[in-house]
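User: I would like to go through this model and ask what stands behind each label.

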Amino acid sequence: MTPENRDLFNNINLKRGISPYDHATGDTAVTSQIIDMQNVGALVFAIATGSLADADATFTVLVQESNDSGMSGATDVADADLLGTEALASFIFSDDNKCFKIGYKGSMRYVTCTITPANNTGAALLCVIAITTPKILPAANPPA
């Protein structure tokens, strides 16, 4: 592999999806920032968990898309427009300190990722980073 092929730094941008978050208790869904796909070639949501204290909680991942900047009329992304599956990106109480990912290859302008807990009665630490590949390289630093 040549040094040019080892350059991930100049080929990606990072965007805040869900800031590090303590979902203390309850089953309220948390949705990422809206990711604008204009001038973006690819998108992956990287999900990181910390401690998941509940003994039977589940966390379901859903990716939605829209052509409206406020996500009006958002629809669930078709499986054919995902890289990986929402089931594989979802996690359970025993998935402490793990990472998951789901990619988007659809054609809509705006995309979000939602994590919905069920049966959560304990602290649940998590965050989401949106990793994008800009169409114009090199990628800005710090990320735009």
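Analyst: Strands (E, at least two residues) and helices (H or I, at least four) are DSSP runs, numbered from the N terminus. Pro134 is found in one such run, strand E11. This is a predicted model, in which local features need pLDDT of at least 70 and side-chain atom pairs count only at pLDDT 80 or more, while totals for chains, interfaces and linings use all residues. Residues are numbered from 1 along each chain as its sequence is written, and side-chain values use heavy atoms, with hydrogens and water left out.

User: Why is Pro134 called buried?

Analyst: Buried means under 20% relative accessible area, exposed means over 50%, and partly exposed lies in between (1.4 Å probe, protein chains only). Pro134 has 15% relative accessibility, so Pro134 counts as buried.

User: What is Pro134 in contact with, leaving aside its neighbours within four places in sequence?

Analyst: Contact means heavy atoms within 4.5 Å. By that rule Pro134 is in contact with Asn11, Ile12, Asn13, Asn39, Val40, Gly41 and Ala139. Val40 is 94 residues from Pro134 in sequence, yet their C-alpha atoms are 4.5 Å apart.

User: What makes E4 and E11 a pair?

Analyst: Two strands pair if DSSP finds at least two bridges between them. E4 and E11 have ten bridges, in the antiparallel sense, so they meet the definition. Leu43 stands opposite Thr132 in E11.

User: Which open sheet do these strands belong to, and what makes a strand an edge?

Analyst: Five strands form the open sheet, in the order E1-E11-E4-E9-E7, with antiparallel pairing. The edge strands, E1 (13–22) and E7 (82–83), each pair on one side only.

User: What makes a set of residues a nonpolar core, and which members of the largest one touch the most others?

Analyst: A nonpolar core is a set of buried Ala, Val, Leu, Ile, Met, Phe, Trp, Tyr and Cys residues joined through side-chain atoms within 4.5 Å. The largest has 27 residues, and Leu43, Phe45, Ile47, Phe91 and Ile115 touch the most other members. E4 (40–52), E5 (58–66), E9 (99–104), E10 (110–118) and E11 (124–134) each supply at least two residues of this core. The largest share, five residues, comes from E4. Beyond its neighbours within four places in sequence, Leu43 is in contact with residues including Ile35, Met37, Ile102, Val111 and Ala130.

User: Is Cys113 buried or exposed, and what about Cys99?

Analyst: Cys113 has a relative accessible area of 0% and is therefore buried. Cys99, at 66%, counts as exposed.

User: Why is the contact of Arg109 and Asp36 called a salt bridge?

Analyst: A salt bridge is a side-chain nitrogen of Lys or Arg within 4 Å of a carboxyl oxygen of Asp or Glu. The N to O distance for Arg109 and Asp36 is 2.5 Å, so the pair qualifies. Arg109 lies in the loop between E9 and E10 and Asp36 in strand E3 (residues 35–36), so the pair ties together parts that are 73 residues apart in sequence.

User: How many salt bridges does the search of the whole structure find?

Analyst: The search finds two. Lys98 and Asp95 also meet in a salt bridge, at 3.2 Å, N to O. Lys98 counts as partly exposed at 38% relative accessibility, whereas Asp95 is buried at 12%.
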